[in-house]
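Dear colleague,

I am passing on the structure we spoke about, and my notes on it follow below. Please read them with the structure open beside you.

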Amino acid sequence: MKIVKAIGLCALVLALVVPAAAQDKMITIGISQIVEHPALDAARQGFIDALAKHGYVEGKNVTYDIQIAQGNMATANSIAKALVGKKVDLIHSIATPTSQACVNATKEIPIIISSVTDPVGAGLVESLERPGGNVTGTTDRSPVDRQVDLILEVVPNLKKLGFIYNSGEDNSISSLNQLKEECAKRGIEVVEATVSNSSGVFMAAKSLVGRVDAIHIPTDNTVVSAFESVVKVCEDNKVPLFAADIDSVPRGAIAALAIDYYRLGLQSGEMAVRVLQGADPATMPVETLKDLNLYVNTQAAERMGVKLPEAVVKRADKVL
């Protein structure tokens with residue numbers, strides 16, 4: 001009898017210490033990402049790592065169906081429909097366009113969104129506090145007011161700020177409206193340059209030369225995927241370049257005050273675990289990261305004819 005009780009006790013202890021996911025059947029998670037670039041790739045890896053921490057081991061009890069739309073909305077819609085047709089257990093949609101495609105494709109399969117600037121404005125959730133339906137996740141809404149203050153600290157005589165974006169991305173429209181509002185408070189004019197695909201980014205950047213004192217790139221998937229084109233124009237013409245994501249700083253931006261997309265992915269993954277274990281997305285508030293990181297690139301600043309203030313360098317989380 002004592003042996004039976006001991007075995008029962010051991011089984012109970014194991015059940016408590018082994019992640020719940022490890023006891024589940026094989027599940028499939030579809031991941032739909034609009035385009036490949038460091039920020040979104042980091043968010044995807046963070047998501048997968050978070051699930052692994054909770055016992056969801058790829059090939060053992062979870063299969064990831066990862067699809068990249070390569071910036072094409074028609075492809076994003078096809079991917080969403082295909083994932084729904086495969087009856088995946090959960091969808092992780094990375095960026096606004098792919099999230100819109102997935103939300104339009106199913107009202108039943110749970111969707112965890114990530115890297116979406118304005119989930120309400122994009123029509124993905126009813127509200128941030130109570131999303132409703134089958135959707136919740138994380139937002140990468142930028143601290144535009146603090147970003148403008150940073151740009152002014154580096155370029156104190158700033159009067160005109162260039163902004164390159166794809167007008168077909170709702171997240172970029174939201175960022176533009178925020179930027180205009182903050183710049184108006186500071187007497188700065190926002191000069192727009194629009195693109196419809198990544199091949200137009202270089203010419204859009206060139207169109208701003210001589211018309212602006214600096215350029216700010218939002219978390220626009222089309223533009224960020226061709227970020228090196230903007231860097232080249234800015235280096236050749238001594239135009240200071242700033243980004244809204246820290247992953248663009250190693251690629252040539254002078255500075256960025258932004259969220260860490262890997263950590264955002266981790267947070268999205270934690271939310272996915274809760275949903276897989278029975279939580280209702282409809283009642284789970286959309287989350288964001290409160291902590292921001294400041295990355296600076298001193299060599300990029302030098303190539304663009306700018307000397308970073310010592311105060312900015314000293315408080316940076318990472319100096320390249």
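Arginine 251 lies in the loop that runs between β9 (241–243) and β10 (255–258), and, since the model is a predicted one, its surroundings should be read with that in mind. Its relative accessibility is 17%, and arginine 251 therefore counts as buried, the cut-off for that class being under 20%. When neighbours within four places in sequence are left aside, the residues in contact with arginine 251 are His37, Pro38, Val224, Ser225, Phe227, Glu228 and Val231.

As for the arrangement of the chain as a whole, it is divided into domain 1, made up of 27–141 + 260–291, and domain 2, made up of 144–258 + 293–319. The centres of domain 1 and domain 2, taken over C-alpha atoms, are separated by 27 Å, and the contact draws on 19 residues from domain 1 and 16 residues from domain 2.

What is the area buried between domain 1 and domain 2? It comes to about 1,300 Å², with carbon and sulfur atoms giving 53% of that area. Between domain 1 and domain 2 the count of salt bridges is zero, while across their interface one residue pair is found in polar contact, with both residues at pLDDT 80 or more. On the side of domain 1 that touches domain 2, α2 (38–53) and α4 (96–105) each supply at least two residues, and by class that side holds nine nonpolar, four polar and six charged residues.

Methods: Residues are numbered from 1 along each chain as its sequence is written. This is a predicted model: local features need pLDDT of at least 70, side-chain atom pairs count only at pLDDT 80 or more; totals for chains, interfaces and linings use all residues. Side-chain values use heavy atoms; hydrogens and water are left out. Domain bounds come from an automatic or database domain assignment. Contact means heavy atoms within 4.5 Å. Buried area is the accessible area (1.4 Å probe) that two parts lose on being put together, summed over both. A salt bridge is a side-chain nitrogen of Lys or Arg within 4 Å of a carboxyl oxygen of Asp or Glu. A polar contact is a pair of N or O atoms within 3.5 Å; within protein, one must be able to donate a hydrogen and the other to accept it, and residues adjacent in sequence count only if both atoms are side-chain atoms. Helices (H or I, at least four residues) and strands (E, at least two) are DSSP runs, numbered from the N terminus. Ala, Val, Leu, Ile, Met, Phe, Trp, Tyr, Cys and Pro count as nonpolar, Asp, Glu, Lys and Arg as charged, and the others, Gly among them, as polar. Buried means under 20% relative accessible area, exposed over 50%, partly exposed in between (1.4 Å probe, protein chains only).
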